[in-house]
Amino acid sequence: MYLKRLELHGFKSFAHKTILDFEPGLTAIVGPNGSGKSNIADAIRWVTGEQSLKLLRGKKSEDVIFAGSDKKTRLSMAEVALTFDNKDRKLPFEYSEVEIRRRLFRDGESEYLVNNQKSRLFDIVEALLKSGFGASNYAVIGQGTIDQLILAGPAEIKGLVEEAAGVKPYYMKRDKTLRRLEQTRENLSQVSALISEIEPRLRSLKRQAKRMEEREAVASELASLNLEFFGSKLFELENELLSIGKGLSIKKREVAEITQAIEQFQKNLEIEERQSRESGAYLYELSNQIDGLEARKYKLQEDLAEIRGKIKADLVPGNIDQKSLNAEKLDLERQVDVLSAKLKKLTVEYKKDEESLNSLREQANSRSRPDFEKFASEFNQILDSLQVDNLDLVKNRLRQLVSNFVSRTNSFPAPAEAREQLHRLELRMVEGKVLKQAYSEQLESANAKLNQIKSLLKSNPEEFKNELFKREQELNNNLTQLNRQVEDLRASLAKVKLEDRNKRSFLAEEEKKFREKTVALAKLKEEQNQILIQETRFSTLKDGLMKEASEALGQKAAELANCKKLQTDPELTSKIEKLKHQLELAGGIDETTLNEYRETAERFEYLTSQASDLEKGVADLTAIISDLDEIIKKQFDQAFDKISGKFSEFFRILFNGGRATMSLLREEVVRTEAEQEILEEETSSQEASKSSKEIIGIEIRATPPGKKLATIAALSGGERALTAIALLCSMLASYPSPFVVLDEVDAALDEANSIRFAKILGTLVNQTQFITITHNRETMRQGHTLYGVTMGEDGISKILSVKLEKAEEIAE
């Protein structure tokens, strides 16, 4: 695992998106003071979860966001991302490349992401610790903080060793387990107190419940006898109801049969009546046709008489009174004008009524409509027979037709108001159509007479006389044909009337039979009702018995279905009474006490089970802590031995001699109750002291060449820096970190020490990736890649990179 890429955007002086690519080995970052080099170390510390504003060299969290300059406005967000090569799966993620990203907005909102998936800071820190990287201590050494590794005190040095040994996760798990253990012990104490509180009450309730059980035996025997008693009564009642049910079934069948016969008879009767009505309608239609033909016949006879009168009078143009004809002509022309105006007005009104009628019909289009076809047929027959001179006869027939139409449409299911409006419009349209026909025929007759007079005034005598004879012959032919039609219709009318009389006689007989069957049905229904009353009475007795049984038996009433049989024990009633008396003497059952006993017993059992589970939990957690303590002690001891040996070695290399040691500091520590119990279980002894000496820190003593043994505080600044570097290198040599960021840790070293430090780094780059921010040429020489950081007038840091190997090739 190694750091592959660093991406910054909006972080401190890196306003623009900046990417630094890294490879295993040592990468040096150089640049003038104030160019923003240390912001790179801060960015790595920040993205790996650092929360200390002091270490990040800020006062507020938003100080890490680019604050702006004279030439660049401030930004609203800071974002840093680290990309790791994870082919060795040191990071506990199933990815060969892992990106950890952190964002912060000026409104305070922030987020962590792992491969673009939101994540918790705790999970990221835990994953980094598992990989061997500890961002909070020696993995990122800030500017001017190298000597703090040894000046922070023994406790902090102990923490560095623990972090290097990889026991920090075990400490975190131990603390979490210890908190769970304390909470479990507290819960166990509460449960035990509750058990002690309810146990005496449970014993008292148990004694009372036992007495009630003895009473229950008597009640159980009584319930068994009651089952026999009520089962016998129920058996008798159900037999009665069964017998009644059979009789009722017979009556229902008879009623159904005669009802079906009546319904079929009624359907047949309705068919006959409908045929009778259709026959009557046909009679009415024949009568209308005969009346129409008679009217036409009268009209033909009148026209024929007029023609014959003219022929007889030998009316010729030479004998015509010209003045009289002209006066008649003017009168006819006035009639034509008046009739034309009336017909035009009537046509407009008829069209409006027709539109209104269509609208009303559309509103009621989902309902049943009257049969208008028959009405239309009859109406058209009347129109066919309509003549100018028989208008009164036509009006009388029309009124009769309208009356029949109104009676038929009274059954129309539309609302009363709509039906009345519809009828009014339909009647007005009928009258309008009749008047239109009448006016049309009057207009046609007037025009014919007018044309005749005009012809009479213009034609010669011989042509006019021939025309009259021709007209007479046509009228005679038409009259003969009409007489023949009238005779045929009268014969058909007589035949239909005879059939109608026979049909009416048949219907009268059928109606008589229908009434007889209806009377028989009423009688059967009365008999059926009497049986139903009897059934209801026995059903009521059964319901009362079931209610009484339910009150006496309670839940056992459900068993009655299996106890229905004829009772033969004559002493059953006396036995029941005797047991009832015994129950009265014993007193009633206190359901409240029984319920309390059940609830208390159930709660006691639950609490006992909970206590058992909690005790097992305490044992399990104690075992876990014991195992963790053993792992922590073993790994810490191993780490201390390795690091202390390496520390002495690197100290001698850096100082070219001298001596340095690491020693454990111990102190009396008072344990908590939980820790004491764990210790007792580990030692299997009650004699373990509640206080003992535990390791509280690691003390470092360093003696440079030519000096006496002295404390760390007595060393010079350069000596402290070299001693701290020796400690850092000893930890990296013993427990390599995937990568380490060093921010000007060599700033206090002279040239000779810089060379020795650079050589040590050269030996460690094979197992640890170094990113060094430096001004030291010897450190730069150890690097394979050199990044230069500059800052222009806009206050924004920029990056220049050089591959030293390629640069050397170019130089050569």
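**View 1. Helix α14 against helix α15 in the predicted model.** Helix α14 (residues 717–734) and helix α15 approach each other with their axes within 11 Å and cross at roughly 10 degrees, where axes are lines fitted to C-alpha atoms, for helices over the stretch in contact, and angles run from 0 to 180 degrees between N-to-C directions. That crossing makes α14 roughly parallel to α15, since angles under 35 degrees count as roughly parallel, over 145 as roughly antiparallel, 65 to 115 as roughly perpendicular and the rest as oblique. On the α14 side the contact is made by L722, I725, C729, L732 and A733, and on the α15 side by N753, F757, I760 and L764; contact means heavy atoms within 4.5 Å. By class these residues divide into 8 nonpolar, 1 polar and no charged, with Ala, Val, Leu, Ile, Met, Phe, Trp, Tyr, Cys and Pro counted as nonpolar, Asp, Glu, Lys and Arg as charged, and the others, Gly among them, as polar. Helices (H or I, at least four residues) and strands (E, at least two) are DSSP runs, numbered from the N terminus. This is a predicted model, in which local features need pLDDT of at least 70 and side-chain atom pairs count only at pLDDT 80 or more, whereas totals for chains, interfaces and linings use all residues. Residues are numbered from 1 along each chain as its sequence is written, and side-chain values use heavy atoms, with hydrogens and water left out.

**View 2. Helix α12 crossing helix α15.** The axes of helix α12 (residues 591–655) and helix α15 (residues 751–764) come within 9 Å and cross at roughly 140 degrees, which makes α12 oblique to α15. Here F650, I653 and L654 of α12 meet N753, R756, F757 and I760 of α15, and the contact comprises 5 nonpolar, 1 polar and 1 charged residues.

**View 3. The open sheet that includes strands β3 and β13.** In this view 6 strands form an open sheet of mixed pairing, in the order β8-β11-β12-β3-β13-β14; two strands pair if DSSP finds at least two bridges between them. Strands β8 (140–141) and β14 (797–803) stand at the edges, each with a single partner strand, so one side of each is left without a neighbour in the sheet. Strand β3 (residues 26–30) runs parallel to strand β13 (residues 785–791), to which 4 bridges join it, and A28 stands opposite L786 in β13.

View 4. Strands β4 (residues 77–85) and β5 (residues 97–105) pair in the antiparallel sense over 9 bridges, with F105 in β5 as the bridge partner of M77.

View 5. A search of the whole structure finds 29 salt bridges, a salt bridge being a side-chain nitrogen of Lys or Arg within 4 Å of a carboxyl oxygen of Asp or Glu. One of them joins the side chains of E793 and K71 (3.1 Å, N to O); E793 lies in the loop between β13 and β14 and K71 in the loop between α1 and β4, so the pair ties together parts that are 722 residues apart in sequence. E793 is exposed, with a relative accessible area of 71%, and K71 is exposed as well, at 59%; buried means under 20% relative accessible area, exposed over 50%, partly exposed in between (1.4 Å probe, protein chains only). The side chains of R101 and E99 also meet in a salt bridge (2.9 Å, N to O), and here both R101 and E99 are buried. A network of salt bridges links E7, K17, E79, E99, R101, R103, E111 and K118.

**View 6. The surroundings of L151.** L151 has its place in helix α3 (residues 148–151) and is partly exposed, with a relative accessible area of 35%. L151 touches I712 and R720, not counting residues up to four places away in sequence. L151 and A713 are 562 residues apart in sequence and 7.5 Å apart in space, C-alpha to C-alpha.
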